[in-house]
Amino acid sequence: MQYIFNFASTKLRIKVENIAYLERLGDILEPCSNIILVGHVNPDGDSIGSVVGMAGYLEALGKGATAVVPNRYPDFLSFLDPQGQILSYADQRQEVEAALGAADLIICMDFNSLKRIDALGDAIESSSVPKVLIDHHPQPDGIFDLVYSYPRYSSTCELAYWIIRGLLRGSGLELPLHSATALYTGMMTDTNNFSNSVLPSTFRMAGELMEAGVDKEWVQKMVFGGYSQERMRLMGYMLLENMKMIPQYNAAVMVLTKEIKERFNFADGDSEGFVNLALNIRGVKVSALFTEGDEFIRVSLRSKEDFSVNSLSRAFFNGGGHERAAGGRLYIPVDEVEGYFVESLGKFVGNEK
Ligand code: 5GP
Ligand code: MN
């Protein structure tokens, strides 16, 4: 039996803390003692924040929780995992498989499809234990037994916060401070530091977490104050020399090739946020960053107003995401990427008309 609570179409003001169906999650958790929390590939703040937040809640309940991700998170997020407890399937396959073998419940967070967790998807799919999804992306896969899918929430961390808060009510238990900090962090990074998808409930969450002791200055410093010199110089280079404007489609594009990566001694996470930069230019409604990797080109898309990069990515970039923040993959030579992007915009805008 699958229960789906999908509030994609409701006008927001959801009071998750008051909703009866939280009991379903409570009921599912009750008999479980070994829970696996799963984050997505190339984990970001929302991915790590939500699994660390949920792990803290489960620990407060006295349950065992193991967080796993398909590959390592960028270094700047290690402040959320000071003891290095989050397992990476790419690097610690045996540990992950052992943990999965001992698990009695799997909770997937911040992704809507097993395709978003690469090879880990097969391991999750073949496990016979119940699977719960807690996420804010539209159109979740049908493989989950219990789905909390709220695309209008700022972040999975915000959704998880309201769920945890609802479940904690009256229990006398508290969320550990490091988990509260993790939830704050993911909300902050997914809203691009309180600029996108922020709702009244987002500020309420931030306020409550500050009152509970989350040190927002410290989080700011850990997330935005630890850039390397190479990253700053790369950003300057990309803006000055690499970014191209495509005025006929109100678009801008950057292509980060392997050659450029090498030149700037690129480390994972160094291009975080670059794709947002062009949206600050007057008239730009769509921004793309293409990053050349060993096996494919990573696509990162952002938009403003009513342009759906989720649809654009689904149609042309083998991916998806949110209406205004999406991603995907391309399997073409890097020097053809810009032309392909312009062509896709032409077809996409033509179809929309
Ligand atoms: P980013 O540009 O930060 O890598 O990704 C932005 C958003 O796009 C993510 O939060 C995620 O929802 C979505 N996304 C990124 N890459 C993919 C992908 O390969 N497939 C799908 N379906 N969504 C993606
Ligand atoms: Mn997210």
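Okay, let's start with helix 7, residues 200-211. At 1.5 Å a residue, its twelve residues should span 16 Å, and the end C-alpha atoms are 17 Å apart, so the two agree. Keep in mind, as we go, that this is a predicted model.

So which residues of helix 7 are buried? They are S201, T202, M205, A206 and L209. Looking down the axis of helix 7, those buried residues fall within an arc of 145°, so they line one face of the helix. After the helix comes G213, and its phi is positive, near 115°.

Now to the strands. Strand 7, residues 146-149, is covered on both faces. L146 and Y148 are buried on one side, V147 and S149 on the other. Strand 7 runs parallel to strand 6, residues 131-135, and four bridges join the two. If you want one to click on, L133 has V147 in strand 7 as its bridge partner.

Next up, aromatics. How many aromatic pairs does the structure hold? Twelve. Take Y161 and W162: the ring centres are 5.0 Å apart and the planes sit at 70°, which is over the 60 degrees needed, so we call the pair edge-to-face. Both Y161 and W162 are buried.

Another edge-to-face pair is F317 with Y340, at 5.5 Å centre to centre and 85° between the planes. Y340 comes in at 24%, so Y340 is partly exposed.

R231 has its charged end over the ring of Y227, 3.7 Å from the ring centre. R72 does likewise with Y73, its charged end sitting over the ring at 4.7 Å from the centre.

Last, two threonines. T66 is in strand 3, residues 64-69. With a relative accessible area of 25%, T66 is partly exposed. What does T66 touch, leaving aside residues up to four places away in sequence? I35, I36, L37, L87 and A99. V38 is 28 residues from T66 along the chain, and their C-alpha atoms are separated by 8.5 Å.

The other one, T257, is in the loop between strand 9 (251-256) and helix 10 (258-263). Its relative accessibility is 16%, and the cut-off for buried is under 20%, so T257 counts as buried. Again not counting residues up to four places away in sequence, T257 touches E292 and V334.

That's my tour, thanks.

How values were computed
Residues are numbered from 1 along each chain as its sequence is written. Chains are lettered from A and ligands numbered from 1 in the order in which they are written. This is a predicted model: local features need pLDDT of at least 70, side-chain atom pairs count only at pLDDT 80 or more; totals for chains, interfaces and linings use all residues. Side-chain values use heavy atoms; hydrogens and water are left out. Buried means under 20% relative accessible area, exposed over 50%, partly exposed in between (1.4 Å probe, protein chains only). Two strands pair if DSSP finds at least two bridges between them. The expected span of a helix is 1.5 Å times one less than its number of residues. The arc is that of the directions from the helix axis to the C-beta atoms. Rings of Phe, Tyr and Trp (its six-membered ring) pair if their centres lie within 6.5 Å; planes under 30 degrees apart count as stacked, over 60 as edge-to-face and the rest as tilted. A charge sits over a ring if NZ of Lys or CZ of Arg is within 6 Å of the ring centre and within 35 degrees of the ring normal. Contact means heavy atoms within 4.5 Å.
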